[in-house]
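Hi there,

Here is the structure I promised to pass on to you. Please have a look at it before you read my notes below.

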Amino acid sequence: MAQLMTLEASQFHPGERAVHDLLHIPHRDNPTHHGLPIPLGYRIARSPLVAFGTLDQEGRPWATIWGGEVGFCQPLARGVLGVRATADVRHDPVMQELFAVSEEEGKSREIVNDAVIRPDGGKLMAGLAIDLETRDRVKIAGRMAVGTVTRTEPGIGDLQLAFQVEESLGNCPKYLNKKRIVPHIPSPQLVSEGTGVPLPPAAVDLIGKADLFFITSRHGNDSMDANHRGGAPGFVRVLRNDSQERGGVALIYPEYSGNRLYQTLGNLQLDPLAGIVIPDFETGDVLYITGRTTILVGEKAAACIPRTKLAVKIEVTEARFVRDGLPFRGVPIDYSPYNPAVRHLTTEKESTADMEDSGAIATASLVSRKVLTSTISRYVFKLVDTGTGAKKRRPLKAWLPGHHVTLDFAPELDMGYSHMRDDDPQSLNDDFVRTFTVSRPLDPDAVDENGYIKDGVEPEVEITVRRHGPATRFLERWNMKVSLEIPVLGFGGAEGFRMDEGGVSVFVAAGVGITPLMAQAASVLEAVGGRKRLRVLWSLKGEDLPLAVDVLGRIHGLGSATRLFITGKVGDTERALIDAVQELGAEVAERRIGVDDVLAKGESGKRKFYCCTGPEMMRTLLKWTEGEEVLYESFEY
């Protein structure tokens, strides 16, 4: 996914650090940005939905979702977002907490038409801007500075508010199921609300088919967090649905492996209160919940949901179920390739079909391995359909240059729950699902006129990767005399990161960050004027020079568009490799990339930067290219 990194590092708070220690997560900087960088503001403006959260009078978090159209939430000034939306004024808990007032002491609070609300010191809020069509999302936290509501039709109103953003972060696209969002005028009808009462059947049905919900949490009185949880329909399970006297209502969901920041769980570690909103994109029905959470790790998680290493249980304190309460509808497009199969409760009967459904769209059979450097290798897989008859998989959509493939190594690497695993502690919370950039274009003869792989064709997929973690170590050590088949969960990638044919393109890469270009470079260079419009700046350690010789030798004309920046040890062996890349047309500089190198090609406003580097280098690049169009490919998830 095209992502923009923060320009400065924050610190994790004690709750987050405690969860990192509990789950054996190595130390890293907190990428959360103070304020709202301009590029993140643009991404929010392109998002048709934002989930917002705030606290009620008792300090309990609640969550809601507003929007329906692109542009309803967008920057007004530096660090300030303006929100204009239509929403339920009677039953939406966040609307009530932000805008309801008590005009006289002792009277109930209500939303007053056109009243201007200016909370003293600002009202604590959090949000998650989300574009389900592109799987882009941006987290924000801060305070409502001012707002007002104008009632329009019965039960609904048009709200305006100014949101002062104190923290922001671009997130990864994992577990987001694609949907096209369209606006809708709601007609809210309260079906059920209260404390200690069971959920109505329609609300239970909504939970059973939900493939997404939003969760808000708090860090004391200083900050809130809003995020999403997604998966296959039914990934949230109902543990209990009884009266308070018989145990009350409780939900549970598995925590899938994500970017491993654990900001939501970090908040819940210190303060277990959470607000949840579960939308029905088809009907506009919505379930609002506030409750108390428990983080379940290891055997405690597996005792509730088999084959689960991490889960969150929610004891529902209060709930509201509203029919047609949302100002949008969502048209399904595609499910996330990351979604694991639904994991049922130990108390539920799991059908054989459910157990066999891994969510794989194909099987990748390892064909060849080529070692390029001491840490970098190239692997070629042939995609095969191992299903027969009724289990034969649906036609496979052709992937595009710049896309990535998602492989599931769990059948080979997941040994189930262990209390301790000293040889690889990070694997205690690892789903072993990995994403790799496809480094060679798909053979066009393998694709039919509708953009699908032709029936009977077994196309090849190539990845070029550095050894990093259990999956790549597993591939590196595999005995090539023995067959290996890995489930393929899907292909994908940010639409904007595929290089276009207009203007100047500057591709900045570090190490194996060149892989998104490898599948695209030939077509870009062959386009009219391509060799004049493409500039590649590639930073490499001396030990990785064999990769440069291989890549530039494979892609005709790429050398003349490339400038290599070599760091680290350069001995006689490396000198010979430098001579080889120069013969292929590349320029070589034995130093780090500088700002003048990056800005040398093209004119500001008429060029586009594509960057695939590590976080530290990316922060520097963003400073150098401020005001330019910059796209960043990150697979740090």
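What follows is a short tour of what I found.

Where pLDDT is low, the predicted coordinates should not be read in detail.

Now the overall picture. The protein chain has 637 residues, and 57% of them count as buried. DSSP runs give 16 helices and 32 strands. If you take the contacts between residues at least 6 apart in sequence, 74% join residues at least 24 apart.

Next, the interior. In soluble globular proteins, nonpolar side chains tend to be buried together. Here the largest nonpolar core has 54 residues. Which residues have the most contacts inside it? They are Trp 66, Val 83, Met 95, Phe 99, Ile 140, Leu 159 and Leu 161. Strand β8 (residues 123-131) supplies the largest share of this core, with 6 residues. There is also a second, separate core of 35 residues, which includes Ala 203, Leu 265, Ile 289 and Phe 321.

Leaving aside neighbours within four places in sequence, Leu 161 is in contact with Trp 66, Leu 81, Gly 82, Val 83, Leu 98, Phe 99, Met 144, Val 146 and Gly 147.

Then there is a pair of helices to look at. Two packed helices are described by the angle between their axes and the distance between the axes. For helix α1 (residues 14-22) and helix α5 (residues 263-270), the axes come within 7 Å and cross at roughly 105°. Angles of 65 to 115 degrees count as roughly perpendicular, so α1 is roughly perpendicular to α5. On the α1 side the contact involves Gly 15, Glu 16, Ala 18 and Val 19, and these meet Gln 263, Leu 265, Gly 266, Gln 269 and Leu 270 in α5. By class, the contact has 4 nonpolar, 4 polar and 1 charged residues. Leu 265 of this contact is also one of the residues in the second core.

Helix α9 (residues 470-477) is worth a look as well. Its buried residues are Pro 470, Ala 471, Thr 472, Phe 474 and Leu 475. What covers them includes the strands β21 (362-371), β22 (376-384), β24 (433-437), β25 (460-466) and β26 (485-492), along with helix α8 (410-413).

Most residues other than glycine have a negative phi, and most peptide bonds are trans. Asp 114 has a positive phi of about 65°, and Asp 324 has one of about 50°. Both sit in loops: Asp 114 between β7 (110-111) and β8, and Asp 324 between β19 (310-323) and β20 (328-334). Are they buried or exposed? Asp 114 has a relative accessibility of 43%, so it counts as partly exposed, whereas Asp 324, at 16%, counts as buried.

The loop between β7 and β8 also holds Gly 122. At 18% relative accessibility, under the 20% cut-off, Gly 122 counts as buried. Not counting residues up to four places away in sequence, Gly 122 touches Arg 143 and Met 144. Its C-alpha atom lies 8.5 Å from that of Gly 142, which is 20 residues away in sequence.

Finally, two residues further along the chain. Arg 563 is in strand β29 (residues 562-567) and, with a relative accessibility of 22%, counts as partly exposed. Beyond four places in sequence, Arg 563 is in contact with Arg 535, Val 536, Leu 537, Trp 538, Glu 587, Ala 589, Arg 591 and Asp 597. Asp 579 is in helix α14 (residues 572-583) and is partly exposed too, with a relative accessible area of 44%. The C-alpha atoms of Asp 579 and Val 549 are separated by 9.7 Å, with the two residues 30 apart along the chain.

Enjoy exploring!

Best wishes

Notes. Residues are numbered from 1 along each chain as its sequence is written. This is a predicted model: local features need pLDDT of at least 70, side-chain atom pairs count only at pLDDT 80 or more; totals for chains, interfaces and linings use all residues. Side-chain values use heavy atoms; hydrogens and water are left out. A nonpolar core is a set of buried Ala, Val, Leu, Ile, Met, Phe, Trp, Tyr and Cys residues joined through side-chain atoms within 4.5 Å. Buried means under 20% relative accessible area, exposed over 50%, partly exposed in between (1.4 Å probe, protein chains only). Helices (H or I, at least four residues) and strands (E, at least two) are DSSP runs, numbered from the N terminus. Contact means heavy atoms within 4.5 Å. Axes are lines fitted to C-alpha atoms, for helices over the stretch in contact, and angles run from 0 to 180 degrees between N-to-C directions. Angles under 35 degrees count as roughly parallel, over 145 as roughly antiparallel, 65 to 115 as roughly perpendicular and the rest as oblique. Ala, Val, Leu, Ile, Met, Phe, Trp, Tyr, Cys and Pro count as nonpolar, Asp, Glu, Lys and Arg as charged, and the others, Gly among them, as polar.
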